[in-house]
Amino acid sequence: MLRRIVVKIGSSSLTSSEGGLNREAIAYFATELAGLIQAGYQPLLVTSGAVAAGFREIGYPERPKLLHEKQASAAVGQALLMQAYREELARHGVSAAQVLLTRSDFQNRKRTGNASMAIEELLKHNVLPIINENDTVSVDELKFGDNDTLSALVANLIRADHLLILTDMDGLYTKDPRLDPAATRVSRVSEITGEIYAIAGGAGSAVGTGGMRSKIDAAKIASIGGVPVFVGKVADPGDLLTALRGDGRGTYFEAHGAALSRKKQWLGFFSTPIGTLTVDVGAEEALIHGGRSLLPVGVKAASGHFHTGDVVEVVSADGEVLGRGIVNYDVEQLHGILGLPSTEVVKKMDSVHRLEVIHRDEWISLKA
Ligand SMILES: Nc1ncnc2c1ncn2[C@@H]1O[C@H](COP(=O)(O)OP(=O)(O)O)[C@@H](O)[C@H]1O
Ligand SMILES: N[C@@H](CCC(=O)OP(=O)(O)O)C(=O)O
């Protein structure tokens with residue numbers, strides 16, 4: 001299989017604060033994407049820019065803040081965006097297709113399957129999928145808001161080899177460089193800790209939305225799904241290939257997990273946990289590094305009104321979120337066997353359906 005690369009381009013790289021598309025920028029990115037195809041890669045594009053491209057034509061003086069105004073701007077701008085990409089890609093003999101997705105599409109197994117089938121078919125026919133959020137139907141609870149998270153979910157869905165998030169900054173800095181000129185670039189992140197989140201700020205431009213924080217969220221999702229991420233800037237011919245090969249101007253986030261099944265993608269990023277289990281150090285080690293199931297002996301506390309088959313969050317003794325899983329006991333049953341070795345559990349219970357509190361096939365680690 002060709003190596004699949006998801007490239008995400010933010011509004012800040014495609015438009016100016018006064019609105020409208022920067023055609024030169026689109027032409028540049030089209031050339032870079034064609035360069036990836038020529039080098040034997042299979043790129044998919046996740047692009048923002050619809051709102052920023054469309055608001056001026058509608059008559060708004062600046063990027064609108066109200067939802068319906070954004071939606072109207074996106075409806076105009078999305079057509080402009082696609083037209084520009086299609087024309088510029090055609091110069092390189094590359095055909096492109098529009099794919100619009102919302103958060104709820106990823107919550108629904110059938111829709112995720114449909115999206116994946118359509119994307120696979122496009123790739124089979126060498127058509128470049130150009131993906132954006134479906135802004136017309138996205139209201140607050142359905143919205144990704146920025147496209148960074150969407151790009152990570154797409155990368156997991158199609159089992160990408162790399163995710164390249166392109167923006168107007170050449171990577172993550174120790175502080176928002178617009179506020180602190182002395183800030184320095186973090187060139188590699190092996191683990192996304194609270195410290196990494198603490199240095200990432202919000203959007204710096206008048207057109208971007210998520211800022212560095214949403215890029216870290218995206219890097220975390222992709223990294224859990226086994227996809228390494230580059231966040232940075234490309235500006236010169238060949239920069240995209242250079243970024244892919246590890247020498248780009250930006251920050252590289254290492255991947256942790258292996259590619260995730262659809263079920264685990266849902267469990268990790270879309271399920272709603274209705275209880276919490278606190279585990280001891282041994283259980284944490286078994287779950288995170290040992291690839292093992294969670295047994296009653298390692299569970300110190302259980303809270304929430306959950307039943308067998310519900311999703312619960314698992315936290316360490318000091319409250320750090322370790323992951324999520326589908327629990328095999330009701331909370332009342334679990335309270336009776338907390339910390340007990342398996343032999344005691346079997347003696348104490350009338351019948352044991354499954355000994356594991358969470359089976360490893362129904363567990364996802366959220367440490368990245
Ligand atoms: N620690 C940081 N390092 C780099 N950039 C940061 C940091 N904190 C906040 N930012 C801001 O994030 C912005 C990029 O995000 P955003 O405006 O949403 O872009 P895009 O439209 O490309 O997604 C940068 O312009 C920068 O001002
Ligand atoms: N779907 C919206 C994305 C919003 C947005 O600005 O995202 P980003 O530039 O990635 O922070 C659009 O196309 O305008």
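Student: Which elements are included in what covers the buried residues of helix 4?

Tutor: This is a predicted model, in which local features need pLDDT of at least 70, side-chain atom pairs count only at pLDDT 80 or more, and totals for chains, interfaces and linings use all residues. Residues are numbered from 1 along each chain as its sequence is written, while chains are lettered from A and ligands numbered from 1 in the order in which they are written. Helices (H or I, at least four residues) and strands (E, at least two) are DSSP runs, numbered from the N terminus. The cover, by contacts (C-beta atoms, placed from the backbone, within 7 Å), includes helix 2 (23-38), strand 2 (41-47), helix 3 (50-58), strand 3 (95-101) and strand 4 (127-133).

Student: On which residue is the kink in helix 4 centred?

Tutor: The bend at a residue is the angle between axes fitted to the seven residues ending there and the seven starting there. In helix 4 the kink is about 25°.

Student: What is the bridge partner of L277 in strand 11?

Tutor: Strand 9 (residues 276-279) and strand 11 (residues 311-315) pair in the parallel sense over 3 bridges. The partner of L277 is V314.

Technical notes
Contact = placed C-beta atoms within 7 Å. Pairing = 2+ DSSP bridges.
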